[in-house]
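Hello,

Here is the structure I promised to pass on to you. Please open it first, and then read my notes below alongside it.

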Amino acid sequence: DADLAQRIGAATALEVRATGIHYDFAPCVAVCRDPRWGRCFECYSEDTNIVRKMTSIITGLQGKPPADYPKGYPFVAGRNNVIACAKHFVGDGGTEKGINEGNTILSYDDLESIHMAPYLDCISQGVSTIMASYSSWNGRQLHADHFLLTEILKDKLGFKGFVISDWEALDRLTKPRGSNYRYCISAAVNAGIDMVMVPLRYKQFMDDLTFLVESGEVLMSRIDDAVERILRVKFVAGLFEYPFSDRSLLDIVGCKFNSKRPSFRDSVCLLVRRNMFATFYQLHRELAREAVRKSLVLLKNGKNPENPFLPLDRIAKRILVAGSHADNLGYQCGGWTSTWFGGSGRITIGTTILDAIRESAGDKTEVIYDEYPSTNTLAGQYSFAIVVVGEPPYAETLGDNKELVIPFNGSDIISSVADKIPTLAILISGRPLVLEPQVLEKVDAFIAAWLPGTEGRGVTDVVFGDFEFEGRLPMTWFRSNDQLPMNPGQNSYDPLFPLGFGLTYNKEKKPQE
């Protein structure tokens, strides 16, 4: 849904600018070819064309360039927009065995057609910055690859914004990491890195880069090119006119608030401001909720196709809710939320799936929650059960996973409940996981809910029938690990569910052309 992605970008831009930040490290336009990769959940799809469509988020973040805007140049529409960053150039989603920061083994033609194509769309929308990848291409580290960063990205594709390194990426150019830091700087800057993300060794970086320029190892023309590109983005983004926190959302009400002695008018203005922020807050919550319900993928609905299990009856007498992910906001959000790797529990404001079930159920409906149902719990009488299981939060290399089984004994919990009670299973995950045939056979319905974030009501909107299922699989759902990597077009393509699969309440949805 390219329109939805664009609206999400616009909402994100407003909230980022409201915090005083001008630059958003999004979107990730990697094409994930292997779900074992720990950054699979950062990608839109294994299908290049789907990823290309979803680059519309850039127009949401930065605004839409005029029709006559020069091709390849960065664009930021105004103070309600942010600098976007397409990442990670290039091939990070195609590494061998899905190893994070690994090696993508492909011909140039395949690299271009599969992994580079989305960057054409990003550049055509005026993306301001592009981040290089930690990974390698045929053994060549991207941060030191002059051919890809300069000859292809800048010269052939005509990108006029700046290329930024990833976090401490230069250190990775030597083993042990950073052991020859001067070489790392020389290799990366000469390859085409314009801005370097240096969290700790910035003093050494400045000293070493100065030495490299003075010694002629890094030409002044290379420095001038990098500075020109960086300044071009800063000017386009209005950083020199508006260098501090952007308060345009407050300015539109035409009021200034004196915190020491507020007048009556100041008090009224403060109330208006709070209402305005509450309005934006609510609108953005509703947008997130819309995204949740549109992304749910229904994989099974009824043991007999002629007798669908969903939608559920909200006025059922008694509902059992179980599973490690039924009442865990942190698990719903996944990694890169509040902290690098995410967390567990009430890490932010939001609605868990259990909260949403309780709010959606009828006044006379009894909702019983037992995370790991005991024998006594399972001996009760229920209209149906909803079991929510899935992955814990993770990010980057810690997310690499060769097994891809449902953690926390998720399959066993589903099985034990489904043996006794008609069951809807909901999987919270950043990628397809192994679905054991006997478990899938036992449940009455199965939903892939991915990472719904803070808006659990988006799940119940669809489960209880207020909205139809619209989601289709952006990734092939494999049968077993030994099939991986598996993508459409392979002779051995035999998935559990193919790319583009998704049921509605009454019929199978055809994959989009």
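The second largest pocket of this predicted model holds about 270 Å³ of space. It is lined by 15 residues, and those closest to its centre are Arg33, Gly94, Leu106, Pro485 and Asn487. By type, the lining of this pocket comprises seven polar, four nonpolar and four charged residues.

You will find Pro485 in the segment that comes after helix 16 (457-463). Another cis peptide bond runs from Lys175 to Pro176, with omega near -10 degrees. Pro176 sits in the loop between strand 6 (162-164) and helix 6.

From there you can move on to helix 6 itself. Helix 6 (residues 181-191) packs with helix 7 (residues 202-214) at an angle of about 65 degrees, and their axes are 9 Å apart. Angles from 65 to 115 degrees count as roughly perpendicular, so helix 6 and helix 7 are roughly perpendicular to each other. Their crossing is right-handed. On the helix 6 side, Tyr181, Arg182, Ile185, Ser186 and Val189 take part in the contact, and they meet Gln204, Phe205, Asp208, Leu209, Phe211 and Leu212 of helix 7. The residues of this contact are seven nonpolar, two polar and two charged.

Look for Glu101 in the loop between strand 1 (85-89) and strand 2 (103-104).

Enjoy exploring!

Best wishes

Note on methods
Residues are numbered from 1 along each chain as its sequence is written. This is a predicted model: local features need pLDDT of at least 70, side-chain atom pairs count only at pLDDT 80 or more; totals for chains, interfaces and linings use all residues. Side-chain values use heavy atoms; hydrogens and water are left out. On a 1 Å grid over the protein atoms alone, a cavity is a set of points where a 1.4 Å probe fits but cannot get out, and a pocket is an open set with protein on both sides within 12 Å along at least five of seven lines; lining residues have an atom within 4 Å of a point. Grid points are joined across faces, edges and corners, and a volume is the space filled by probe spheres set on the points. Ala, Val, Leu, Ile, Met, Phe, Trp, Tyr, Cys and Pro count as nonpolar, Asp, Glu, Lys and Arg as charged, and the others, Gly among them, as polar. Axes are lines fitted to C-alpha atoms, for helices over the stretch in contact, and angles run from 0 to 180 degrees between N-to-C directions. Helices (H or I, at least four residues) and strands (E, at least two) are DSSP runs, numbered from the N terminus. Angles under 35 degrees count as roughly parallel, over 145 as roughly antiparallel, 65 to 115 as roughly perpendicular and the rest as oblique. A crossing is left-handed if the near helix is turned anticlockwise from the far one by less than a right angle, and right-handed if clockwise. Contact means heavy atoms within 4.5 Å.
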